[in-house]
Amino acid sequence: MTDMPDLRVAGVQAPRKDAREKVTGAARYTVDVDLPGMLHAKLLRSPVAHARLTRIDARAARDLPGVHAVLTRDDLGGLQPTYGYFIKDQPIVAMDKLRYVGDPIAAVAAQDEVTAVRALELITFEYEELDPVPDVASALRVGAVELFEDAPMGIVPAYGRGASAELRPRPNVCYRFAYETGEDDAFDHCDHVFEDDFVFGRQQHFHLEPFVTVAREENGQIEIWTSSQNPFPLRKELSRVFQHPENRIRVHVPYVGAGYGAKNNCKTEPIAILLARLSGRPVRFCMTNEENFLTQTQHAAKIRIKTGVMADGTFVARAGEILLDSGAYADASPLVAEKAGYRLHSLYKWRHVKTVCDCVMTNTSPAGPFRGFGGTQASWASESQIDMIARRLNIDPYDLRLKNLLALGDPYVPGESGMDSDIGEGLRLVADRIGYHGRIRTPGRGMGLSIGFKDSGGVNKPASARIKISTTGAIYLQCGSIEIGQGITTALSAITAEILNAPAERVHYPDVDTDHTPFDQGTNASSGIVVMGQAVARAANEVKARVLEFAAGQLDCDVSELTLDDWNIRRGNESHPLNLMIMRTYGGTGFEFTGEGYHKAEMDHEAPLETRCVAWEYGWGAAEVEVDEQTGLIKVLQLVVSGDAGRAINPAVCRGQDEGSAVMGLGGALFETMLYDGVTLANGNALTYRVPLATDLPENFVSILQEQGHGPGPFGSKGVGEGCMLPVASAIANAVEDAIGVRVTEMPLTPERVLAAIDARNST
Amino acid sequence: MDHDLMEAGWVSRGHGSIATFELIRPTRVVDALAAHRVAEDSSAAYMAGGIDQINRMQDGAAPDRVIDLSRVQGLTGISEKFGALNIGAGVTHHRIETDPMIASLAPDLAAAWATFGNIRVRMAGTIGGNIMARHPNYDGPVLLAACGARYVFEKPDGMTSLIDADSWPDVPPGADAASGALLTRIVIPTGGDRRLVFDRSLKPVISVAVAVDGNGGGRAAMGCAFAEPVCVAFDVGANAGEIAAEIAGALPVPIRDVFAGSDYRRRMARVLLERQITLLAEMGP
């Protein structure tokens with residue numbers, strides 16, 4: 001652990017800036033936006049999973065009193081009507097085909113929701129059903145019907161050393177990412193080669209605020225209020241879709257009621273805008289909770305890993321294949337594939353790595369970004385197999401990990417940035433806290449360990465910030481980080497206040513508005529602190545320098561003699577109020593000082609993903625379970641997780657993130673998954689989709705916030721928020737094997753699956 | 001999801017609009033019964049806490065008249081009469097969980113009831129709504145069947161009918177709605193040293209409640225595994241494993257769905273039954 005600088009505002013467990021508003025109900029979200037004359041939108045969705053849309057007739061709907069606009073494929077003229085990240089394949093409404101149960105067919109804007117639904121009932125359509133492709137195996141079967149007969153517009157970005165990608169490498173695969181490094185023949189020199197298969201479930205984000213947008217278009221200006229994590233890339237995509245200048249599209253983002261990755265890129269926005277354009281009135285399009293399930297999900301996955309080791313447990317080579325279930329549209333699948341494929345070999349020393357990740361199209365809800373972003377799938381398989389190998393070699397899984405872990409500063413792979421936490425130290429912490437070493441063996445009880453990781457800061461991700469200080473010392477922090485519940489406004493305000501030596505209460509964080517807020521690529525990838533935080537720190541230092549230069553001019557002294565102290569200038573024992581100094585120079589109208597900050601990792605073709613990872617986010621996990629061998633039910637007795645915030649800007653906020661992500665991981669490990677009966681989602685509502693309750697928490701649930709001090713963010717900080725989700729499932733699966741000697745390789749670890757594994761053990 | 005709506009493109013529960021309806025708010029049972037009498041081509045529905053009735057309406061049910069029972073006198077009482085608890089159909093789950101009389105006379109029932117849903121459901125939902133929902137996963141009918149409870153209905157013709165909780169599944173769903181009968185109270189025997197245990201650890205796969213009395217009689221009820229709860233009477237005397245095996249072997253074929261298979265459900269019925277019968281034996285009279 002490095003020496004920590006003394007801090008006054010940052011690093012302190014201060015109340016959140018948004019606490020009072022949210023507790024009292026005063027906080028304003030997009031769902032609360034109400035414009036004069038606003039209409040309400042509803043969607044007609046596909047009842048079938050795969051079909052050719054042959055006819056649609058909306059005339060009766062258009063004639064219904066109270067209806068102001070009806071949107072079908074006939075209204076897409078003049079647009080680039082499909083969107084996506086790397087691959088632009090998702091239409092605003094169905095054009096030629098219906099690709100999943102729930103695919104939007106038509107939309108109506110009416111005076112109220114009831115009228116909108118009545119109008120949808122009047123729309124008739126016909127279709128020719130096609131063979132459905134319900135899952136990855138069906139999609140890859142020889143001769144399977146293709147979801148896209150023709151290639152949608154798509155790009156493959158530049159990759160660096162060892163990484164590559166390909167569009168449509170085989171039928172029903174929209175993207176393939178591959179990574180390779182080291183000696184091709186490494187497997188030939190191994191004492192043992194193990195190959196194992198794993199299945200990963202499919203969580204839904206279950207954000208409480210649904211997808212929602214309020215849109216209006218007046219005098220050629222499109223203006224939206226939307227529940228979005230990335231307003232600037234969204235604005236760019238809307239500009240392309242609507243063929244409309246970016247500076248005539250204005251995106252406002254009030255508080256966002258959670259997203260967990262789902263609220264990136266186009267969701268409700270294109271339909272709301274188009275209906276506003278067609279009706280000439282503001283339109284509110286707010287989905288239901290059930291529609292969230294039909295809009296965005298996590299990627300289910302099938303994962304095969306081959307690992308070569310020496311007899312003493314030294315790791316040599318790892319190869320893997322991941323098949324992500326992308327659902328009906330590519331969405332962010334290529335980006336998730338990059339990360340899943342790149343992380344599969346995990347943070348151990350290898351002489352050879354070779355991974356491939358395919359994005360497989362199926363007739364199910366589109367899959368996209370989800371907390372952990374490919375790291376959850378990779379960690380599940382990788383850390384499960386590490387334990388399996390340890391047991392096969394009769395080595396304690398703890399020792400096997402320590403023997404092979406990358407050390408602090410070791411590059412993840414050639415050309416990549418180094419490890420910025422002592423990974424072994426984190427493992428020791430959770431193992432000690434749960435009592436792993438020297439534990440007394442009790443029948444049916446076991447302990448498991450796991451280390452998850454992902455990058456923090458995204459790839460090639462720029463962020464910019466502006467800080468203004470008024471005559472009276474009021475501070476405006478303008479940046480595009482979205483307050484999505486994670487506490488980023490509190491943290492960035494604390495960084496600003498710390499540098500400006502001001503109380504945090506004096507920092508105002510205006511709502512994000514793309515017309516006025518400096519550019520940010522998005523609130524995702526645990527980037528708020530390590531990318532935006534650096535931009536904010538630079539802006540704060542710049543404005544501070546300007547203030548001190550101004551004061552030095554006024555006091556006719558050198559800047560080095562001065563310090564900024566709560567909007568006073570200190571020079572030795574003298575204190576000079578800045579407001580008086582400013583008005584002496586600028587008059588009674590006052591002045592604003594402004595500082596700008598920017599951060600982006602440099603491009604580097606030696607780095608596999610073209611920029612080195614800004615920071616690494618780790619999640620250490622340890623679980624103790626008790627397994628009921630008659631029912632297969634797992635009871636998690638203890639769950640210990642730990643993340644490394646580098647230097648916690650607000651320890652309570654960091655722990656909240658660690659614990660929230662761990663509970664999300666617990667749900668995915670034990671029961672939380674979307675269940676399809678063929679192509680029909682069987683549990684797509686809050687009544688039947690099981691999420692963790694407070695009563696599901698283990699009696700001993702502990703989070704340990706590490707502050708190892710190696711982060712690139714302000715004061716040594718790093719990103720948190722995703723890491724502690726990553727190790728939970730594999731730690732539990734490892735504990736199950738420790739308890740009863742059976743390995744479950746499919747998530748979630750339902751009692752029926754566990755019991756089947758017990759039966760299989762008993763029958764051999 | 002209503003099949004016709006699904007065919008028309010309504011794929012999401014809650015996506016369809018709730019049809020317009022007439023809201024009646026009676027204050028007496030007799031007025032509620034009268035309000036339920038509608039023309040032959042119309043329909044009416046009672047609503048207590050509103051959780052399930054609104055769900056049904058979001059799923060496509062479209063009663064012309066909804067009769068709000070929240071103001072009806074006499075539906076929220078809790079009393080003891082002739083060795084039995086009388087719980088009004090409008091009593092909320094939270095009251096069952098916290099009422100001193102229930103805690104005194106049937107603490108095991110109160111404890112089991114406290115595990116239902118979440119606090120929002122327990123504050124709004126009622127025992128009557130839980131029964132009338134006829135939802136295969138609801139716990140109320142399972143517990144009440146094990147306890148040997150009876151449901152008291154007031155009928156539009158002024159008659160009162162009593163239905164044993166364990167034969168409630170034999171009443172065709174919808175028959176009560178068609179007749180306009182109103183569930184007014186639930187009668188739960190409290191005498192005879194009855195002891196009750198409940199295991200919902202495997203929900204939504206199966207839940208099991210078992211009650212035994214001081215006379216050697218036992219009743220086992222199972223939920224989630226069938227379209228309606230299944231209740232079986234047994235004699236306590238035999239070995240727990242044998243009783244469980246016999247009951248599980250004679251069960252109808254459990255459902256198979258995305259949550260679990262039929263075989264697993266039957267096997268779990270046996271495991272949980274054996275455990276609970278053993279537990280009750282260990283608890284003693």
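This is a predicted model: local features need pLDDT of at least 70, side-chain atom pairs count only at pLDDT 80 or more; totals for chains, interfaces and linings use all residues.
1. Residues are numbered from 1 along each chain as its sequence is written, and chains are lettered from A, with ligands numbered from 1, in the order in which they are written.

2. Chain A is assigned domain 1 (19–27 + 461–599), domain 2 (33–130 + 206–293) and domain 3 (300–458 + 606–763), with bounds that come from an automatic or database domain assignment.

3. The centres of domain 2 and domain 3 of chain A, taken over C-alpha atoms, are 36 Å apart. Between these domains, 21 residues of domain 2 are in contact with 25 residues of domain 3 (C-beta atoms, placed from the backbone, within 7 Å). On the domain 2 side, helix α7 (residues 289–293) of chain A gives the most, with three residues; helices here are DSSP runs of H or I with at least four residues, numbered from the N terminus.

4. In chain A, the axes of helix α12 (residues 488–500) and helix α13 (residues 528–555) come within 9 Å and cross at roughly 30°, where axes are lines fitted to C-alpha atoms over the stretch in contact and angles run from 0 to 180 degrees between N-to-C directions. That angle makes α12(A) roughly parallel to α13(A), a term for angles under 35 degrees. Among the residues making the contact are Ile488(A) and Leu492(A) of α12(A) and Met532(A) and Lys544(A) of α13(A).

Notes: Two residues are in contact if their C-beta atoms, placed from the backbone, lie within 7 Å. Helices (H or I, at least four residues) and strands (E, at least two) are DSSP runs, numbered from the N terminus. Angles under 35 degrees count as roughly parallel, over 145 as roughly antiparallel, 65 to 115 as roughly perpendicular and the rest as oblique.
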